[in-house]
Amino acid sequence: MNNKYFKKILGTKCFLSPVSMQDIEHYTEWLNDMNVTLNLGLGDTIFTLEKEKETLEKLLSGSDSSMFAIIDKDSNKLIGNVGLHGINHINGNCELGIMIGDKNFWNRGYGTEAVKLALDYAFNILNLHSVYLGVISYNERGMKCYEKAGFKETGRFKEWKKIAGQYYDMIYMQIMSEDFESPYIKTVLNNSINYKNQMELKFV
């Protein structure tokens, strides 16, 4: 039976919901799948249920992180998560991280939409100025996803990670608030304002 998920930020393919600790086994399974974790730079980390529970509890209880579950809109199925980490309200920035753990949803536009929804929250609810991330150079699918969402490369660490006998760069990317167009939150706000105006006119 599926958990009850809540449509906090709604897209066309998926929506973002608060993370549920009941999904801990899904996250642990994905984080022990080398196909998933190599792209996250976590291939050398072994995750147990207890370790993932501790990590997730720490992220959810911290004041400098906002975590969301990514839910397929049609099936109400958990497919991954996306988070804003190291939120700095003084300087107006944070780091974005995303995992599409269910490989059945790879290469179908879910990652790009989930990133845009998370950015919508970052820029139009948290009022941040910029969001950045790091991606390993062999993760071409990830880079294409971020570029489609509006991220641009800002620099790189050369030969940052060695795996299978070869070195790869760490690429840093960033998006600024003025370069982002809200896919959801501004529409909700405008609809609310229009409804309020219509109700006021009705009773004039």
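Leaving aside neighbours within four places in sequence, which residues is Ala69 in contact with? Select Ala69 and find out: the list is Phe15, Leu16, Ser17, Pro18, Val19, Tyr27, Leu78, Gly80 and Asn81, where contact means heavy atoms within 4.5 Å.

Before moving on, a word about what is on screen. This is a predicted model, in which local features need pLDDT of at least 70, side-chain atom pairs count only at pLDDT 80 or more, and totals for chains, interfaces and linings use all residues. Residues are numbered from 1 along each chain as its sequence is written, and side-chain values use heavy atoms, with hydrogens and water left out.

**Stop 1: around Ala69**

Ala69 sits in strand β3, residues 66-72. Helices (H or I, at least four residues) and strands (E, at least two) are DSSP runs, numbered from the N terminus. With a relative accessible area of 0%, Ala69 is buried; buried means under 20%, exposed over 50%, and partly exposed in between, using a 1.4 Å probe and protein chains only.

**Stop 2**

Show the strands next. They form an open sheet of eight, in the order β1-β2-β3-β4-β5-β6-β8-β7, with mixed pairing. Two strands pair if DSSP finds at least two bridges between them. At the edges you'll find β1 (9-10) and β7 (152-163), each pairing on one side only.

Pick β4 (residues 78-88) and β5: they are antiparallel, with seven bridges. Here Asn81 stands opposite Met99. Follow the hairpin of β4 and β5 through the four residues between the strands, and look at Gly92, whose phi is positive, near 70 degrees. On to β5 and β6, which run parallel and are joined by three bridges; Asn93 faces Ser130 of β6 there.

Finish the sheet at β7 and β8 (residues 166-176), an antiparallel pair with eight bridges. Select Lys152 and you'll find its bridge partner in β8, Gln174.

**Stop 3: helices that cross**

Select α1 (residues 24-31) and α3 (residues 49-61). They pack at an angle of about 110 degrees, with axes 9 Å apart; axes are lines fitted to C-alpha atoms, for helices over the stretch in contact, and angles run from 0 to 180 degrees between N-to-C directions. That makes α1 roughly perpendicular to α3 (under 35 degrees is roughly parallel, over 145 roughly antiparallel, 65 to 115 roughly perpendicular and the rest oblique). To see who meets whom, show Ile24, Glu25, Tyr27, Thr28 and Leu31 in α1 against Leu49, Glu52, Lys53 and Leu56 in α3.

Next comes α4 (residues 110-124) with α5, packed at about 45 degrees, again with axes 9 Å apart. Their arrangement therefore counts as oblique.

Keep α5 (residues 140-149) selected: it lies across β5 (93-100), β6 (130-136) and β8, running at about 15 degrees to β8.

**Stop 4: Leu40**

Leu40 belongs to α2, residues 34-40. Beyond its neighbours within four places in sequence, Leu40 is in contact with Leu31, Ile98 and Met99. Last, select Lys77: it is 37 residues from Leu40 in sequence and 22 Å away in space, C-alpha to C-alpha.
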